[in-house]
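Subject: Structure handover

Hello,

Here is the structure I promised to pass on. Please open it alongside this note; my findings follow below.

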Amino acid sequence: MGLSSTKSSLTNAEYSLTLSSPNDFYRSLSTIQGEFHLNVRKKLRIEKEIRIDLIGQLIESKKYAARSKRISSQINNNNNNNNNNIFLTYSCQLLTSHENGTARTIKQQTVTYPFRIPLGSNLPPSCEFKEFSIAYYLEVYHDGRLLPNTHKEITLAPPTPQITVPIPCKVTGSNDITMICSLQKSFYSGRDCPLVPISISLTNPKQKQIKAVTAQLMQTVSLNGIKSENEIFTAVLNEIAENTKENELNAKCEVVLPANLLTTFVPNQNGQPDNVPSVAITYEFRMTAQMKGATTPNIRLSVPIGIE
């Protein structure tokens with residue numbers, strides 16, 4: 001792993017790598033399947049093997065790596081000295097030399113080698129943040145040399161989201177204002193720009209002036225226990241009238257999620273191999289009723305993002 005591309009006898013051949021999945025992503029416990037196509041124009045000599053490698057790589061920014069090392073002494077030793085850490089290499093042989101160790105020679109023919117690479121149960125998903133990234137890709141090697149133009153990105157997605165009934169969240173703040181918020185679905189697509197309906201019930205017994213109700217979407221990301229928060233947006237819920245003093249208020253509001261939000265992922269810590277980075281990605285709405293001179297405490301409403 002990590003060898004530079006150099007000329008080999010495959011310079012006298014044409015080759016390509018294709019994947020057979022109908023999707024552009026893979027989930028844990030699934031199998032990456034595809035074919036390596038080889039067209040030998042003259043002669044191909046194989047001293048050792050032709051193989052395909054699935055590689056998983058953690059890429060940390062220097063600033064984040066230094067912060068992680070300073071805050072936590074439990075981060076893997078391999079992560080302390082290298083900002084581009086290979087945590088997974090799965091090698092799949094496509095073609096080997098003869099059993100007695102002599103070289104194999106292939107002359108002027110076209111051949112296809114299928115391959116299957118099983119995925120584990122708790123690999124972190126493909127992701128890209130300013131602090132770090134997780135990347136997966138396939139590369140093909142001939143007798144230890146990396147073949148040019150065989151690098152193929154692979155997207156790993158979390159398991160299929162579970163369908164559940166969201167539980168309403170309730171909070172009572174200053175001036176006895178009570179706010180109850182709930183979602184209709186247990187997950188939303190990270191690829192579309194879906195409307196997210198939010199049911200809001202406000203009880204305002206002292207009829208204090210409520211200037212506005214806002215929904216702030218927050219993304220929380222952690223790598224090996226070191227957390228970062230990113231604000232995606234803050235929206236004023238226009239379905240609720242400004243400066244209202246109503247005693248009882250019930251509204252159904254809609255918020256549009258941005259497209260291509262990375263999917264929610266919470267690892268199973270009991271099944272996490274030591275060398276695999278522990279990555280978690282979660283989202284929540286922080287709902288706030290802004291009053292004249294005060295605010296209610298935030299309601300933290302979990303928003304799972306998934307791929308169907």
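Two strands count as paired if DSSP finds at least two bridges between them. Strand 1 and strand 3 (residues 31-40) have seven such bridges and run antiparallel. Keep in mind that this is a predicted model.

Three strands make it up, in the order 1-3-8, with antiparallel pairing. The edges are strand 1 (13-19) and strand 8 (110-118). Each has a single partner strand, so one side of each has no neighbour in the sheet. On average, neighbouring strands here are turned by 20° against each other, direction ignored. For a residue-level entry point, take Ser16: its bridge partner in strand 3 is His37.

Strands 21 and 23

Strand 21 (residues 279-291) meets strand 23 over four bridges. Glu284 stands opposite Ser302 of strand 23.

Which residues of strand 23 lie on its covered face, and which on its uncovered one? In a regular strand, side chains alternate between the two faces of the sheet. Strand 23 (residues 299-302) has Ile299 and Leu301 on the covered face. Arg300 and Ser302 are on the uncovered face.

Aromatic rings

A ring pair is described by the distance of the centres and the angle of the planes. The count of aromatic pairs comes to four. One of them joins Phe129 and Phe132: the centres are 5.4 Å apart, with 55° between the planes, and the pair is tilted.

The cut-off for buried is under 20%.

One more ring deserves a look. Arg51 lies over the face of Tyr141, 4.4 Å from the ring centre.

Ile226

Ile226 lies in strand 19 (residues 226-236). With a relative accessibility of 5%, Ile226 counts as buried. How far apart are the C-alpha atoms of Ile226 and Ser278? The separation is 9.8 Å, for two residues that are 52 apart along the chain.

Where to start

I would begin with strand 3 and the seven bridges that join strand 1 to it. Then go to the tilted pair of Phe129 and Phe132.

Best wishes

Key: Residues are numbered from 1 along each chain as its sequence is written. This is a predicted model: local features need pLDDT of at least 70, side-chain atom pairs count only at pLDDT 80 or more; totals for chains, interfaces and linings use all residues. Side-chain values use heavy atoms; hydrogens and water are left out. Rings of Phe, Tyr and Trp (its six-membered ring) pair if their centres lie within 6.5 Å; planes under 30 degrees apart count as stacked, over 60 as edge-to-face and the rest as tilted. A charge sits over a ring if NZ of Lys or CZ of Arg is within 6 Å of the ring centre and within 35 degrees of the ring normal. Helices (H or I, at least four residues) and strands (E, at least two) are DSSP runs, numbered from the N terminus. Buried means under 20% relative accessible area, exposed over 50%, partly exposed in between (1.4 Å probe, protein chains only). Axes are lines fitted to C-alpha atoms, for helices over the stretch in contact, and angles run from 0 to 180 degrees between N-to-C directions.
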